[in-house]
Structure formats: structure tokens, C-alpha cells
Amino acid sequence: MQIWVDADACPGVIKEILYRAATRHALQLTLVANQWLRVPPSPHIRCVQVAQGFDVADSHIVDHVAAGDLVITADIPLAALVIDKQAFAINPRGEFYSAENIRQLLDMRNFMDGLRSSGVDTGGPAAFSQGDRQSFANQLDRFIAQRRKPGG
């Protein structure tokens, strides 16, 4: 199992949690971004800088993710694509995307996008909170523990 991070919009506190988890569990962690990122020196952590452009980082992740890998992203269309490849996805607020919920989340995202494009002010996401950070850390720990169990 490898962990992929849609890193351009990933909060720094989430990256820090991921760095510690990769080191503690000896998991390969790959951050994909349009810009250069500083990552801790570790044989388990690497950063891939891709060209600027719409969905270039997403495309890189989809092209390289394998079944059973985990992707960290708030991008619901990207989550849907990796789930189609039998990978898993969690957003930085700790919400686990699954085959059971991704279509509904994608439909809601598209609906809200349609409202925004027609001029409706839908507001933005709530500020990232300590609770979000904790929820992500808990979800990541559960996922890793589950995958580490025999037959997991």
C-alpha cells in the first residue's frame, strides 16, 4: 500500500500527520503538487512536482495509483477516479470516500457547482478546525490498522 497526496491544497497540519504515519509505519508517501514542496528527509517520503495546469496533479495520481493504495484529497472527482481503480480516498477533514458514497457526493458537488455558476452564493467550506485534524488522524489510523491486519 502506498499513500498519495493531492498536495497543492492539502493543509500543512495534515501533511505533518502523514509524514509521521509514513515514518512510523514504513509506508511510501508521495505528495504530488504543481509547486516544489519541502518534505522531511526520509526513505518513505517523496514529492513529485508536476507541470502547472488544470488537473495535472490529479492525472498523475490517477495514472500511478494502484488498487489498495490510499489517496488524500478534497477533490471529489479525483476520489471517484481512484475508487474506480479499487484504491481508497480520505479527505483532509477525515471523511472516507467509498464506492457506497462517492456517487452521491459527486452528484451533490455537481449540483452545488451548477448553483455557483448560475450566480447563487453557496458560501465556502468552514475553516479547518482542530476537530477536522483529529478526525483525519483517527480515520488514517483506523485505515492503516485495518490494512495491516492479516487479510486486511
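Keep in mind that the model is predicted.

**The phenylalanine cluster**

Let's start with the rings. A pair of aromatic rings is described by the distance of the centres and the angle of the planes. The count of aromatic pairs here comes to three. In one of them, Phe-88 and Phe-143 have ring centres 5.2 Å apart and planes at 65°, so this pair is edge-to-face, as angles over 60 degrees are. Where do Phe-88 and Phe-143 sit in the chain? Phe-88 is in strand E5 (residues 88-90), while Phe-143 is in helix H5 (residues 130-148), so the pair links distant parts of the chain, 55 residues apart.

With Phe-96, Phe-143 forms an aromatic pair that is tilted, at 6.2 Å centre to centre and 35° between the planes. Phe-96 belongs to strand E6 (residues 96-97) and Phe-143 to helix H5, so this pair ties together parts that are 47 residues apart in sequence. Put together, ring pairs link Phe-88, Phe-96 and Phe-143 into a cluster.

Is Phe-143 buried or exposed? Phe-143 has a relative accessible area of 3%, and it counts as buried because that is under 20%. Phe-88, at 25%, is partly exposed, and Phe-96, at 26%, is partly exposed as well.

**Two helices side by side**

Next up, a helix pair. Two packed helices are described by the angle between their axes and the distance between the axes. Helix H2 (residues 56-64) packs with helix H3 (residues 76-84) at an angle of about 10°, and their axes are 9 Å apart. An angle under 35 degrees counts as roughly parallel, so that is how H2 runs to H3. As for handedness, the crossing of H2 and H3 is right-handed.

Which residues meet at this contact? From H2 come Asp-58, Ile-61 and Val-62, and they meet Leu-78, Leu-81 and Val-82 of H3. Sorted by kind, the residues of the contact of H2 with H3 are five nonpolar, no polar and one charged.

Setting aside residues up to four places away in sequence, Ala-57 touches Asp-6, Asp-8, Val-32, Asn-34 and Val-50. The C-alpha atoms of Ala-57 and Val-32 are separated by 5.9 Å, although the two residues are 25 residues apart along the chain.

His-60 lies in helix H2 as well. Beyond its neighbours within four places in sequence, His-60 is in contact with Trp-4, Val-32, Val-48 and Val-50.

**Two loop residues with positive phi**

Phi of Ala-26 is near 55°, a positive value in a residue other than glycine. Ala-26 has its place in the loop between helix H1 (12-25) and strand E2 (28-33). For Asp-55, phi is near 65°, again positive in a residue other than glycine. Asp-55 lies in the loop between strand E3 (45-49) and H2.

Here is how accessible the residues of these last two sections are:

| Residue | Relative accessible area | Class |
|---|---|---|
| Ala-57 | 4% | buried |
| His-60 | 18% | buried |
| Ala-26 | 48% | partly exposed |
| Asp-55 | 33% | partly exposed |

Conventions
Residues are numbered from 1 along each chain as its sequence is written. This is a predicted model: local features need pLDDT of at least 70, side-chain atom pairs count only at pLDDT 80 or more; totals for chains, interfaces and linings use all residues. Side-chain values use heavy atoms; hydrogens and water are left out. Rings of Phe, Tyr and Trp (its six-membered ring) pair if their centres lie within 6.5 Å; planes under 30 degrees apart count as stacked, over 60 as edge-to-face and the rest as tilted. Helices (H or I, at least four residues) and strands (E, at least two) are DSSP runs, numbered from the N terminus. Buried means under 20% relative accessible area, exposed over 50%, partly exposed in between (1.4 Å probe, protein chains only). Axes are lines fitted to C-alpha atoms, for helices over the stretch in contact, and angles run from 0 to 180 degrees between N-to-C directions. Angles under 35 degrees count as roughly parallel, over 145 as roughly antiparallel, 65 to 115 as roughly perpendicular and the rest as oblique. A crossing is left-handed if the near helix is turned anticlockwise from the far one by less than a right angle, and right-handed if clockwise. Contact means heavy atoms within 4.5 Å. Ala, Val, Leu, Ile, Met, Phe, Trp, Tyr, Cys and Pro count as nonpolar, Asp, Glu, Lys and Arg as charged, and the others, Gly among them, as polar.
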